[in-house]
Amino acid sequence: MRFSTKAMLRAAALVVAASSLGGCSFMGLNFGMAQLSEKECLMRAMYFESNRSSAEGMLAVGTVVMNRVADSRYPKSVCGVVGQKNQFAQGVLTKKMTDSGAVLAAQVADQVLRGARHPGVQNAQHFHTAGLRFPYNNMYYVLEAGGNEFYEKRTPGTF
């Protein structure tokens, strides 16, 4: 009896710990939030990274996400790309979206998932806050939109 009580307490502790993992799963079971859809992951990236500034800024961020999905160096899913460590805003998949920007993000995400792309982004897979400059000679800037500057990484001399 003593062993089974300890085992039950351990199992209960695992369930409590797993439930704090948000959208994660434990032994194939989802706890907390359900797994996010591709649309939800894309919406969240656009919402948090564009500062909800404009449809143009959201479309540009969405285009970067899709450019990465199409590149073999990145995960093959929207959620895989958005969830990569140190690539997008901290908490992008877990923070609450609290204003009308979420509605706009949903609309733009639908467009992106149907194939819409921002033509100015071209092949860019990177962006940072507008106004910052870095001393790297492989950053080829293609667009400023939504408070961000979008750039391609190119070998110097191929611009």
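## Terms and basis

A residue is called buried when its relative accessible area is under 20%, exposed when it is over 50%, and partly exposed in between, with a 1.4 Å probe and protein chains only. This is a predicted model, in which local features need pLDDT of at least 70 and side-chain atom pairs count only at pLDDT 80 or more, whereas totals for chains, interfaces and linings use all residues. Residues are numbered from 1 along each chain as its sequence is written, and side-chain values use heavy atoms, with hydrogens and water left out.

## Helix α5

Helices (H or I, at least four residues) and strands (E, at least two) are DSSP runs numbered from the N terminus. Helix α5, residues 101-113, has 13 residues and reaches 18 Å from its first C-alpha to its last, close to the 18 Å expected at 1.5 Å a residue, where the expected span is 1.5 Å times one less than the number of residues. The buried residues of α5 are Gly 101, Ala 102, Ala 105, Ala 106, Val 108, Ala 109 and Val 112, and they pack against α2 (38-49) and α3 (55-69), contact meaning heavy atoms within 4.5 Å. Just after α5, Gly 115 takes a positive phi of about 110°.

Ala 102, in helix α5, counts as buried because its relative accessible area is 16%. Leaving aside neighbours within four places in sequence, Ala 102 is in contact with Met 43, Tyr 47 and Met 97. The C-alpha atoms of Ala 102 and Arg 52 are separated by 7.9 Å, although these residues are 50 apart along the chain.

## Loops on either side of α5

Lys 95 is found in the loop between α4 (78-82) and α5, and counts as partly exposed because its relative accessibility is 44%. Not counting residues up to four places away in sequence, Lys 95 touches Arg 44, Phe 48 and Gln 90.

His 118 has its place in the loop between α5 and β3, and counts as buried because its relative accessibility is 9%. Not counting residues up to four places away in sequence, His 118 touches Glu 56, Leu 59, Ala 60, Thr 63 and Leu 143. A polar atom of the His 118 side chain lies 2.9 Å from the backbone nitrogen of Gly 120.

## An exposed tyrosine

Tyr 136 is found in the loop between β3 (126-129) and β4 (139-145), and counts as exposed because its relative accessibility is 55%.

Key:
Polar contact = N/O pair within 3.5 Å; in protein donor to acceptor, adjacent residues only side chain to side chain.
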